[in-house]
Amino acid sequence: MTATAPTTGVQPVLTVEHLNVQFVTDEGTYPAVNDSSFEIRPGEVLALVGESGSGKSVTSLAILGLLPGTARVTGRITLAGESLLDAGEARMNVIRGASVSMLFQEPMTALNPTMTVGAQVMEVLTNHRICSKAEAAKRAVELLGRVGIPDPERRAKGYPHELSGGQRQRVVIAIALACEPKLIVADEPTTALDVTVQAEILDLLRKLARESATAFLLITHNMGVVADIADHVAVMYNGDIVESGPMKQVLLEPAADYSQRLIAAIPKMPAAHWDDIVTAAQEGTVTVPAVPASLPADDVRPALQFDNASIDYVRGGRAFRAAHNITLTIPEKEIVGLVGESGSGKSTLGRCALGLIPAAEGTVTVLGHPVHARSLLSAEDKAVRRQIGVIFQDPGSSLDPRMTIAQCIEEPLLVHSPEGLSGRQARQARVAELLDAVELPSHYAMRYPHELSGGQRQRVGLARAIVLNPRVLIADEPTSALDVSVQAHVLDALRSLQAAYGFACLFISHDLAVVNEMSHRVAVMWQGHLVEVGETASLMVRPQHPYTIRLLAAVPSPDPREQARRREARRKLATLDDMATLADGAPPA
Amino acid sequence: MTTSTPAPELAPRLSTASPATRAWRRFRSNKLAMIGTTIVILLILFCFAGPLVWVTDQVTVSIDLAIINKPWGTPGHPLGTNNLGYDILGRLMKAGQTSLIIGLLAGLLATLIGTCWGAIAGYIGGPVDAIMMRVVDAGIALPATFLLLILSAIMHPSIPLMIVVIGLVSWLVPARLIRAEAITIKTRDYVLALRAVGGSHTRAVARHIIPNTIGTMIVNATFQVADAILLVAYISFLGMGVEPPATDWGAMLTKGIDYTYAGYWWLIFPPGLLIVITVCAFNFIGDGLRDMFDVKGRQS
């Protein structure tokens, strides 16, 4: 399949023609990329999108000549007139860094912790003998300034651990830019970052692509990122490019069957009232709203309740307060979304509800009974815990690799031996019933977790969470490690189980779009404080707290039109001093 | 809330072979491990089934000068005889039984104690872990050979005693290894999920921590067996091993050493060679098992 390139007179920087990659293993040969062709022109951003295993990263590694020895590559890759597949290893070493450079996902591992930031930027310049050492030092500071590092002279003398995650990624970008490459391959450059930081990095990449002739090959699974900065999109599925074209066309009117389904699976967010929000902010009428302490209606029974709860972590004798005076109620049969960026304390709150961390002050109650985080549990504690189920983020570590699926699911039954479910046959029947409820075939009971895909494992996790028929479910980022289409399946399963069993759910996520689809109400956490709680429908279109506004404006929307509005709103809000101080400054009193 | 028809998840590339078959294939692909396994099987056959075929008297001391100190190649005694008239080939088999039994059982005992100690220390953590691991540090600081020599001097060394004593001095290293694993395993979500539903600590250790250290455990056990066989040999070589007429390869070496200058090499070379071969074989198996349990080596 050939990517349709725009008919401009400019020669493409990179041309990939009929690329095939196969991996040879001791169990046979399997194809990773089939007959892929595309090209990128100077100053363009081509997004290669697809889910894990689709071959997008393999394509990028083929371009850089970094595939492992077990790969067989055929086809043609031409960079500025030079065939990369015919270039030897020595020539490729010159090309990498000088003509093509790479941006990695995890900025912490991409930088050397024992070298100063400036030295790492200089290293690229001196390695490729572009300029003298003194000249390189000057250029390094310039580059750091260009990627938006404040006070670059001083920062150049600092080490990576002294920078924030976003600044580290800026340094990685500075290194990639150092030799003014013709092409930058960015493999999930913002996936490891929080949304507000991601938005800043995307703004930077967008600016760099606009003002230089560098072409970008962006590898990503996030359609919001694509909508923000890509000019062209190629959609990969199972090693094939199933569709390619201008970004707006592919995202708004996908033609291929797979692209349509992929885009349909992305959780949607309503269009926010940006005009009202920006106007209110400009007029200075944004105030920090009081967090409602009580329930919206008096007649609902609370299933899970945090009453003025504060949580401390003790490390090396010093306590660090991870959550401050949280008062939050999760009513019966309701899903409450808890959103926030990393380090906001949202997972801590979930673990406290599970009795894994004690509350330093205040109380946490489940159906009116207090949750204790004791090492040795009393019969009463066990009775409380029977009412709580949990599903964790990482499908790789949430199931014991040495237990069969049936053993994983029935473990809570063995812990509690509830009435009617204590016999072996009763347990087997319950496992079969739950496998059916999460739509997994019954013969999976005898399989081991590593034989299942991530989505299937997460459904097993769901089955285990509800095996005791709990009244409260704590879901801690249950779909963050999954591809979007798999995420849609797991969310569907969770929704239908919630409807069938009627448990209350604290749904913890960093993804506002997922929370928007799943929950009745949303609570927003920021630096250990609960800053806003509201009905999902109103909070997502008209947030009140400055931090929520900033968060919402930073979430990239897969709809290019909404994304343009958000970017505009973000630009306007950034100019307002009081918004910036509210969102960056000290936590609310 | 939307109603979407998402694309089917790419099915995991499930190999048709079962996990056990694949693990066996990985083990088999390590040639040294296969050689090691073959040698151990042959040695066990030699020591335990050998005496049924090659029947010799290893109890009665002979004073017949026509029988003692015969060189190798003597008809009826292919490896010769020693100063007490015992047939060397038959003696190698009998001594091998002692060495292998002590080695295997002591290795097993050390692994068992070490695994439980390490798993509990790592799981509980904090001051309990600190105290338990200081005990291990103190134990490692004591020279095991020295301890064994003293015990052999004050007690009559028998096979069960040797097993217990060697087991009790060599569990320290596995305890350290397993503790390190337990510390990482206890933070896995499946252990947290068990604690969250109110599962006991015993269950967490017995059902989750220990089974997940099995790779380290088995690999280490093979090295423990090799070490125990060597340790028995040291002790016996120093003359503090099992008492006659029982013997082991180390004891055969000691007896033979007196005659080295007389050129009776057939008294030393065969037992020495068997010790080296056995220890190497178990180490090879250990390497192969490490490949087998290596998660990173798991293709597809």
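**Entry 1: the interface**

I began with the contact between the two chains (heavy atoms within 4.5 Å), which takes 38 residues from chain B and 55 residues from chain A. The model is predicted, so I note its limits: local features need pLDDT of at least 70, side-chain atom pairs count only at pLDDT 80 or more, and totals for chains, interfaces and linings use all residues. Residues are numbered from 1 along each chain as its sequence is written, chains are lettered from A and ligands numbered from 1 in the order in which they are written, and side-chain values use heavy atoms, with hydrogens and water left out.

I looked up the area buried between chain B and chain A (accessible area, 1.4 Å probe, that two parts lose on being put together, summed over both). It is about 4000 Å², and carbon and sulfur atoms give 55% of it.

I then looked for salt bridges (a side-chain nitrogen of Lys or Arg within 4 Å of a carboxyl oxygen of Asp or Glu). The rule finds one across the interface of chain B and chain A. E411(A) forms a salt bridge with R203(B), with the closest N and O atoms 3.1 Å apart.

Next I asked which elements of chain B give two or more residues to the side that touches chain A. They are α1 (19-28), α8 (189-196) and α9 (201-212) of chain B; helices (H or I, at least four residues) and strands (E, at least two) are DSSP runs, numbered from the N terminus. The largest share of that side, seven residues, comes from α8(B).

**Entry 2: a sheet in chain A**

I traced an open sheet of six strands in chain A, with the order β16-β17-β18-β13-β19-β20 and mixed pairing. Two strands pair if DSSP finds at least two bridges between them. The edge strands β16 and β20 (529-535) of chain A each pair on one side only.

Helix α17 (residues 454-465) of chain A lies across β16 and β17 of chain A and runs at about 170° to β16(A). For such angles, axes are lines fitted to C-alpha atoms, for helices over the stretch in contact, and the values run from 0 to 180 degrees between N-to-C directions.

**Entry 3: salt bridges within chain A**

I count 25 salt bridges over all chains. In one of them, the side chains of R570(A) and D203(A) meet at 2.7 Å, N to O. The pair links helix α22 (residues 560-574) with helix α8 (residues 195-211) of chain A, 367 residues apart. R570(A) is buried at 14% relative accessible area, whereas D203(A) is partly exposed at 30%.

R566(A) and E562(A) form another, with the closest N and O atoms 3.0 Å apart. Both lie in helix α22 of chain A, four residues apart, about one turn of the helix, and both are buried.

I also noted R41(A) with E39(A), at 2.8 Å between the closest N and O atoms. R41(A) is buried at 9%, and E39(A) is partly exposed at 26%.

How values were computed. Buried means under 20% relative accessible area, exposed over 50%, partly exposed in between (1.4 Å probe, protein chains only).
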